[in-house]
Amino acid sequence: MKNDSVFVYSPDLLGYKFSDTHPFNQLRVQLAYELLKDSGCLNDDQIVTPRKATDDEIMLIHDKGYVDAVRKAGEGQLKGEIALNYGLGTEDTPIFPNMHEASSWIVGATLTAVDWVMEGKAKHALSLSGGLHHGFRGKASGFCIYNDSSIAIEYMKQKYNARVLYVDTDAHHGDGVQWAFYDDPDVCTLSIHETGRYLFPGTGSIHEKGAGKGYGFSFNVPVDAFTEDESFLECYEKSLWEVAEFFKPDVIITQNGVDAHYYDPLTHLSVTMKTYTEIPRIAKEVAEKYCGGRWIATGGGGYDIWRVVPRAWSYLWCVMNGLAPSGQIAENWLERWTNEAKHPLPQTWEDESGIYKPIPRKDEITSKNRATLEKSLYSIRKSS
């Protein structure tokens, strides 16, 4: 074993940029990378350079016509009305130059992480630029052009004959991945997210359980708005352990969106950094028990790129490597980015106490989430 963990990164992954004002900003990947480096938590020999995905690899999931449309759009050669048919040129997913190439780098980074783990060169691999879970077979959606997680899962199935457990803790439902494998009994999807009653994409109910041979292999735990750390983690930990015991995967791939944090501008949940230390700890334990440690992690959502994403994603890497940063944030990082940041930068790894007023409905929300969890896992518990 060369490394317990590898970190897939290069500046090529930062070219996925819709505009200067778009909420999806890949600068967050660089911010996390530099925080880890400045904190002494990431060594050069742990960094793996990604490759671009080939068109054939992208077409493991996406239609050829869609891939051709993405390429033409990035070259300025796709008519507006045709682009809209593919979900391109919308407010959420505007067209930008060389979008096919930029998206191919992200897919390739996640496939690089897959190969390192599945070939036994590392137990764990992190591809922070990935996690674009809303992309569909023939359509862009929700800031996502190519769905690197879906491609990685199909790639693992075909190349490594793997049973794959996909776990998504983004505040938004992992719809693109779920629907891609909805009838596939060799892929199990678990998504813990804010209820779709208030939030894009509006899917992810407990009744979405799969279809055909895949029925019973799709799990959703839609938590109520304003859910706090304790309830979110209760839903996550119980569902992950029970689903893993039920499915017994060969490998786990996690999507680690961090937009459930209270500071995130696009969601309505109330978790803090406490949740983002626990999510990877539990994933690592589950991978050790069921998969020989094989765990691939991606990024995902996260739109407070200054106060939340760098710390939360750094925790993900640190937990992979048995590190527990605490106290003061690295001064070099703070000095480099303070004048650029749109918010005062956090001075410590932990959130300050009292970042929001107590939620008056906390007990009601917790009770409601427990009932949702029970219904989501009912088929497993009934058969056990």
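Trainee: Which ring does the charged end of Arg-163 sit over?

Mentor: Keep in mind that this is a predicted model. The charged end of Arg-163 lies 4.0 Å from the centre of the ring it covers. That ring belongs to Phe-247.

Trainee: And the charged end of Arg-307, which ring does that sit over?

Mentor: Here the distance to the ring centre is 3.9 Å. The ring under Arg-307 is that of Tyr-263.

Trainee: How are the rings of Tyr-66 and Tyr-146 arranged, stacked or edge-to-face?

Mentor: Searching the whole structure turns up 23 aromatic pairs. For Tyr-66 and Tyr-146, the ring centres are 6.0 Å apart and the planes make an angle of 85 degrees. Planes over 60 degrees apart count as edge-to-face, so this pair is edge-to-face.

Trainee: Where in the chain do those two sit, and how many residues apart are they?

Mentor: Tyr-66 is in helix α3 (residues 64–74), while Tyr-146 is in the loop between β3 (122–127) and α6 (148–160).

Trainee: Is Tyr-66 buried or exposed?

Mentor: Buried means under 20% relative accessible area. Tyr-66 comes in at 0%, so Tyr-66 is buried.

Terms used:
Residues numbered from 1 in each chain as written. Predicted model: local features only at pLDDT ≥ 70, side-chain atom pairs only at ≥ 80, totals over all residues. Heavy atoms only, no water. Phe/Tyr/Trp six-rings, centres within 6.5 Å; stacked < 30°, edge-to-face > 60°. Helix = DSSP H or I, 4+ residues; strand = E, 2+ residues; numbered from the N terminus. Buried < 20%, exposed > 50% of the residue type's maximum accessible area, 1.4 Å probe, protein only. Lys NZ or Arg CZ within 6 Å of the ring centre and 35° of its normal.
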